Amino acid sequence: MKPIFTLTGNLLWEKTLTFADWAPGRTQRAVAESFQVGGKGINVARMLGRFGGPATALCFPGGATGTECIAWLRAKKIRFRAFRTAAPTRVGLVVRDGGHRETTFFSPDQPPATAALRDCAGFLDARPRRAALAICGSFPGWEKSMAAPLRAAVNRWLARESFLAADTYGPALAWLVTRPIDLVKINRHEFDTLFPPDARRAPVSTRLRRACKRWPVRHWIITDGPRPVWFAEKKSAAPACLAPPRVREISATGSGDVLLAGVLHALLQREATLAEAVALALPCAAASAARPDAVGLTANKFAKLRS
């Protein structure tokens, strides 16, 4: 089984408060609370475990909140490798009402420290050639000089033909699409940012053909909420789409992470084609939108949810 690593550049200490009802501008008491560690790479690693192929989550915890994140990961028995950084891990507050509608608040992003990025680069350099890496979520400071060692390690990762996937945005996405990476999985809004404003009016399928011709990325997946998921392979540049199953959506948060985990599992562990991988992962992602706790389910409960 191929070892899989996820890289989270923006770890999240996340508290969820549930209210019978709430409105801004007044004092309110929650009826329930919960805590979890977030960040796309953490979610993807957790979901890969649900699919039966454990992954190791690489992350940059810092300060007291970072220490709490490490304790939570250990308690949940999630495989991880922490590269300690100076700034405290960012804080997230999710406010959920009785109808499961969510409002999320984040503290400011903090880029990982130079030493932490260098340590992460060294760790990647020491991984076996057959390993797979998924760079997930936002990555503060990716374009800055402090991240040069990590960017160089990613280039070396590609030079030895190890699998690399990306589900990111901003400077990290703009940099990664210029490399021959194996997979880019992003949503339509993130895909739009790769094109000038006047080109964004073109259909996704048209722009996906252009992306296949312009950039060396081998596989593309573009999600758009409950609308069809578009995908394409560079070698054919013939976009196709699949519609996700219709569900009563409660919270789409984390559905993209479920999709990426399912696709990675299908591609890497089941040797599926891109079309097969999307078809296998879509029902799981749709099911996760029907309940807000899907990412945290046990393997047995998630298997029932998939069915």
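Predicted model: local features only at pLDDT ≥ 70, side-chain atom pairs only at ≥ 80, totals over all residues.
Glu 161 sits in the loop between helix α4 and strand β9 (163-167). Its phi is positive, about 65°, although Glu 161 is not a glycine.

Where does Lys 77 lie? You'll find Lys 77 in the loop between α2 (63-75) and β5 (80-82). Is Lys 77 buried or exposed? Lys 77 is exposed, with a relative accessible area of 74%.

**The whole chain**

Now zoom out. The protein chain has 10 helices and 13 strands. Its C-alpha atoms fill a box of roughly 55 × 45 × 40 Å, taken along the principal axes. How does that fit with a compact globule? For 307 residues, such a globule would have a radius of gyration near 19 Å, and the protein chain agrees, because it has 19 Å. Of the 307 residues, 51% count as buried. Then there's the question of who touches whom: among contacts with a separation of 6 or more, residues 24 or more positions apart account for 62%.

| Helix pair | Angle between axes | Distance between axes |
|---|---|---|
| α3 (residues 114-125) and α4 (residues 148-159) | roughly 15° | within 8 Å |
| α1 (residues 40-50) and α8 (residues 255-269) | about 50° | 8 Å |

Start with α3 and α4, whose axes cross at roughly 15°. Angles under 35 degrees count as roughly parallel, so α3 and α4 are roughly parallel to each other. The crossing of these two is left-handed. On the α3 side, the contact is made by Leu 117, Arg 118, Cys 120, Ala 121, Leu 124 and Asp 125. On the α4 side, the residues are Pro 149, Leu 150, Ala 153, Arg 156 and Trp 157. Which classes do they fall into? The contact of α3 with α4 has eight nonpolar and three charged residues, and no polar ones.

Next come α1 and α8, which pack at an angle of about 50°. That makes α1 oblique to α8. Here the crossing is right-handed. From α1, the contact takes in Lys 40, Asn 43, Val 44, Met 47 and Leu 48. From α8, the partners are Asp 257, Val 258, Leu 260, Ala 261, Leu 264 and His 265. By class, the contact of α1 with α8 has seven nonpolar, two polar and two charged residues.

**A residue in a strand**

Last stop: Glu 233, found in strand β12 (residues 227-233). How accessible is Glu 233? Glu 233 counts as partly exposed, at 24% relative accessibility. Which residues is Glu 233 in contact with, leaving aside neighbours within four places in sequence? They are Cys 212, Arg 218, His 219, Ala 238 and Leu 274.

How values were computed:
Residues numbered from 1 in each chain as written. Heavy atoms only, no water. Axes fitted to C-alpha atoms, helices over the stretch in contact; angles between N-to-C directions. Helix = DSSP H or I, 4+ residues; strand = E, 2+ residues; numbered from the N terminus. Parallel < 35°, antiparallel > 145°, perpendicular 65-115°, else oblique. Left-handed = near helix turned anticlockwise from the far one by under 90°. Contact = heavy atoms within 4.5 Å. Nonpolar A, V, L, I, M, F, W, Y, C, P; charged D, E, K, R; others polar. Rg over C-alpha atoms; globule rule 2.2 N^0.38 Å. Buried < 20%, exposed > 50% of the residue type's maximum accessible area, 1.4 Å probe, protein only.
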